[in-house]
Amino acid sequence: MQFFKDLSLSAVSAGFVAVLVGFTSSVAIVFQAAQSFHATPAEITSWMWALGLGMGLCSLLPSLVLRKPVMIAWSTPGAAVLATAGATGQFDMAQAVGAFVACAALITLVGLTGWFERVMNRIPAEIAAGLLAGVLARFGMDAFAAAQTALPLILVMLGVYLLSRRAAPRYAVVATLGAGIAYAALAGQMQWSSVTWELAVPQFTAPRFEWSAIVSLALPLFVVTMASQNLPGVAVIRASGYQLPVSRLITLTGVATLVLAPFGAFALNFSAITAAICMGPQAHADPSRRYTAAAACGVFYVLIGIFGAVVTGLLTAFPRELVVAIAGLALLGTIGAGLASALRDEGHREAALITFLVTLSGVVIAGIGSAFWGVVAGSVALFVQQYANSPTRQES
């Protein structure tokens with residue numbers, strides 16, 4: 001089978017790092033969102049089952065069919081929106097599930113109509129690259145900031161990374177991750193007590209549709225998922241040099257969410273940070289073989305869904321600084337490539353730089369994250385520049 005011929009240790013490692021970073025960085029928010037709707041422990045495990053299977057199958061199957069990396073994740077800002085709205089105490093799990101179904105229907109509609117892809121096609125490559133660099137740069141900064149609380153661990157990982165980049169570039173991330181885990185284990189920093197041995201059992205919740213939940217939960221969940229997740233996700237795809245059927249894949253995430261919503265899948269979408277890990281050179285030197293990294297990531301997510309609490313405990317056993325460091329180091333090449341592409345064309349340089357800085361700022365306006373506002377700011381800057389320099393304006 002061609003997949004096994006294309007598969008490599010670096011691709012499997014990239015898939016694991018993507019899961020490790022994506023899961024551990026936001027699973028607490030998902031737990032908080034579930035608890036805000038008075039979820040029982042069994043229902044929280046069901047959320048992990050639904051989200052794990054949804055992300056895994058929607059990443060694995062399209063990657064194998066298209067032979068291009070397709071990376072799907074849960075909506076982290078969407079989980080934050082749900083946790084905030086649910087904290088009011090006015091919504092129960094049935095109302096929340098009804099909102100998940102409504103949001104999924106809207107995502108499916110967007111995919112079927114293709115309007116989101118048409119909007120993305122009008123964004124210049126330099127602004128998309130600036131957006132990519134801005135989204136990822138904070139992870140690079142956090143990797144070195146982690147030295148404030150875990151200096152020996154960060155120095156060990158950085159040293160191994162630099163030496164591996166010189167001796168065996170393809171396996172630099174593998175070696176760095178291994179060194180980090182070994183050091184954390186020897187230093188007694190692994191939190192093995194968080195591991196519990198039980199399989200996930202799906203819990204069905206019948207949806208109940210109410211206008212208050214649609215307005216307060218479904219619409220904000222839809223907006224932040226499209227603006228703060230799918231938009232930068234498509235930017236990563238384009239900046240990495242891949243052409244994917246964006247509309248069809250968005251439709252797939254909407255349908256998958258519709259099916260899995262009664263079990264706790266609140267919103268599935270394109271990933272950005274974890275996609276950059278599997279679409280970058282650290283996954284494989286040959287871009288045509290990087291789909292195996294996304295497929296490996298999909299398999300790991302399916303395992304999270306099936307084994308639920310076991311895998312959740314294993315992944316959350318890693319020290320926070322280790323996760324932050326491996327994410328930043330794994331993304332260094334992609335951050336550099338994004339900045340180089342963003343600043344390459346002098347005519348678009350300033351607009352791309354504005355996009356980068358606004359995105360990096362982390363500003364949140366009207367509940368929408370900086371990725372959306374970075375594109376808006378960069379597009380406005382580019383429009384003003386091009387309008388001011390247009391022949392019509394110069395003649396007048």
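Colleague: Is Arg-289 buried, partly exposed or exposed?
Modeller: This is a predicted model. Arg-289 has a relative accessible area of 23%. Buried means under 20% and exposed over 50%, so Arg-289 counts as partly exposed.

Colleague: Which side chain does Arg-289 meet in a salt bridge?
Modeller: The N to O distance is 3.7 Å. The pair links distant parts of the chain, 283 residues apart. Arg-289 sits in the loop between α13 and α14, its partner in helix α1. The partner is Asp-6.

Colleague: Is Asp-6 buried or exposed?
Modeller: Its relative accessible area is 10%. The cut-off for buried is under 20%, so Asp-6 is buried.

Colleague: Which residues are linked in a network of salt bridges?
Modeller: Arg-208 and Asp-92 meet at 2.7 Å, N to O. That pair spans 116 residues, from the loop between α10 and α11 to the loop between α5 and α6. The network links Asp-92, Arg-208 and Glu-210.

Colleague: How far apart are the end C-alpha atoms of helix α11?
Modeller: Helix α11 has 29 residues. At 1.5 Å a residue, they should span 42 Å. The model agrees, with the ends 39 Å apart.

Colleague: Where does α11 bend?
Modeller: The bend is about 30°. After the helix comes Gly-241, with a positive phi near 90°. The bend in α11 is at Met-226.

Colleague: Which residues is Thr-45 in contact with, leaving aside its neighbours within four places in sequence?
Modeller: Thr-45 lies in helix α4. At 18% relative accessibility, Thr-45 counts as buried. Its contacts are Ala-200 and Val-201.

Methods: Residues numbered from 1 in each chain as written. Predicted model: local features only at pLDDT ≥ 70, side-chain atom pairs only at ≥ 80, totals over all residues. Heavy atoms only, no water. Helix = DSSP H or I, 4+ residues; strand = E, 2+ residues; numbered from the N terminus. Buried < 20%, exposed > 50% of the residue type's maximum accessible area, 1.4 Å probe, protein only. Contact = heavy atoms within 4.5 Å. Expected span 1.5 Å × (residues − 1). Bend = angle between axes of the 7 residues up to and from the residue. Salt bridge = Lys/Arg side-chain N within 4 Å of Asp/Glu carboxyl O.
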